[in-house]
Amino acid sequence: MILHTEITGQGQAIVLIHGLFGSYENLGVIARALAGQWQVINLDMRNHGRSDWHDNMSYALMAEDIKDTLDHLGLDQVVLLGHSMGGKVSMEFALRYPDRVSKLILADISPVQNRPRHLEILSALDAIHLTSLQNRQEADQQLALTISETGVRQFLLKSLYKEQNQFRWRFNLKALIANYLQLLDAPPSKGPYPGPTLFIKGSESDYLLPEHQSLITTLFPQSKAKVIMGTGHWLHAEKPVAFAKIVTDFLLSEHN
């Protein structure tokens, strides 16, 4: 599948891959920060944003989507930066096609099976009857019955849009529900990816833990880690300047 892309800047290509329920717009702040020095390819994963919908969405399939898209763009080698689910897609692609990834940046995610933290969100989204929905405020009120965090609701509602007088989600909710257990899985390929790898952790997040270190070292032997203090899982949104500096420093570092 060739994915929807937004391309800015010039130079070495860096591909940005968003997380679950997201779109290319989630990483827009980082894209703008990098576009002065690199060609930034910000994309929508399958069943998200403006990319095509499909019933299946394993990490193997999504890694092939990245390959198809890079082939379509004529890009032999890129830097990959992925957040959360997008980080696992980035890992899988790098483990499958190590020669096509010059550097790998993984934002608050680890190559392990995750616990199911989104069941309430999926249930709340599924409970909204889009056909009778009058406005965004009504959708927010319905989500608030289950999701207390305003920021989470605002993030989800970014994907709500109106077309031909009908509200729709930009993500394929049916497919996300059907494939959710697969999305919790670890990347299936065993690699290793020998290139320079950077894990960036939010200090308040539990997605990336010390007990993952042994597996990380096995899969990504040239990896190192940075922690952004005072941030959770959405570290790039909470402290975009600090995040962009860490990414830029890593991209400009000498190891290739």
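The following questions and answers concern a predicted model.

Reader: Which residues of helix H4 are buried?
Author: Helix H4 covers residues 119-127. On its other side, Glu-120 and Asp-126 are exposed. The buried residues are Ile-121, Leu-122, Ala-124 and Leu-125.

Reader: Within what arc do the buried residues of H4 fall, seen down the axis?
Author: The residues concerned are Ile-121, Leu-122, Ala-124 and Leu-125. An α-helix has 3.6 residues a turn, so residues three or four places apart point the same way. The buried residues of H4 line one face of the helix, because seen down the axis they fall within an arc of 165 degrees.

Reader: Which elements do the buried residues of H4 pack against?
Author: The exposed residues Glu-120 and Asp-126 are on the other side of H4. The packing partners of its buried residues include one strand, E7 (166-169).

Reader: Are H4 and H7 roughly parallel or antiparallel to each other?
Author: The axes of the two helices come within 11 Å and cross at roughly 150 degrees. The crossing of H4 and H7 is left-handed. Angles over 145 degrees count as roughly antiparallel. H4 and H7 are therefore roughly antiparallel.

Reader: Which residues of H7 meet residues of H4?
Author: The axes of H4 and H7 come within 11 Å. From H4, the residues involved are Leu-119, Leu-122, Leu-125 and Asp-126. Of these, Leu-122 and Leu-125 are among the buried residues of H4, while Asp-126 is exposed. In H7 they meet Leu-173, Leu-176, Ile-177 and Tyr-180.

Reader: With which side chain does the side chain of Ser-110 make a polar contact?
Author: Ser-110 lies in the loop between strand E5 (101-107) and H4, and counts as buried because its relative accessibility is 0%. Leaving aside neighbours within four places in sequence, Ser-110 is in contact with Lys-88, Met-91, Tyr-207, Leu-208, His-212 and Ile-216. The polar contact, at 2.9 Å, is with the side chain of His-212.

Reader: How many Å apart in space are Ser-110 and Ser-84, C-alpha to C-alpha?
Author: In sequence, Ser-110 and Ser-84 are 26 residues apart. In space, the C-alpha to C-alpha value is 8.3 Å.

Reader: Is Thr-231 buried or exposed?
Author: Thr-231 lies in the loop between strand E9 (223-228) and helix H9 (235-238). Not counting residues up to four places away in sequence, Thr-231 touches Gly-202, Ser-203, Glu-204, Ser-205, Glu-238 and Lys-239. Buried means under 20% relative accessible area. At 1% relative accessibility, Thr-231 therefore counts as buried.

Reader: Is the peptide bond from Gly-191 to Pro-192 cis or trans?
Author: Pro-192 is in the loop between H7 and strand E8 (197-202). Most peptide bonds are trans. Omega for the bond from Gly-191 to Pro-192 is near 5 degrees, and the bond is cis.

Reader: What is the phi of Asn-47?
Author: Asn-47 sits in the loop between strand E3 (39-43) and helix H2 (59-73). With 0% relative accessibility, Asn-47 counts as buried. Most residues other than glycine have a negative phi. Asn-47 is not a glycine, yet has a positive phi of about 65 degrees.

Reader: Is Gln-164 buried or exposed?
Author: Gln-164 is in the loop between strand E6 (160-163) and E7. Its phi is positive, near 50 degrees. Exposed means over 50% relative accessible area. Gln-164 has 73% relative accessibility, so Gln-164 counts as exposed.

Conventions. Residues are numbered from 1 along each chain as its sequence is written. This is a predicted model: local features need pLDDT of at least 70, side-chain atom pairs count only at pLDDT 80 or more; totals for chains, interfaces and linings use all residues. Side-chain values use heavy atoms; hydrogens and water are left out. Helices (H or I, at least four residues) and strands (E, at least two) are DSSP runs, numbered from the N terminus. Buried means under 20% relative accessible area, exposed over 50%, partly exposed in between (1.4 Å probe, protein chains only). Contact means heavy atoms within 4.5 Å. The arc is that of the directions from the helix axis to the C-beta atoms. A polar contact is a pair of N or O atoms within 3.5 Å; within protein, one must be able to donate a hydrogen and the other to accept it, and residues adjacent in sequence count only if both atoms are side-chain atoms. Axes are lines fitted to C-alpha atoms, for helices over the stretch in contact, and angles run from 0 to 180 degrees between N-to-C directions. Angles under 35 degrees count as roughly parallel, over 145 as roughly antiparallel, 65 to 115 as roughly perpendicular and the rest as oblique. A crossing is left-handed if the near helix is turned anticlockwise from the far one by less than a right angle, and right-handed if clockwise.
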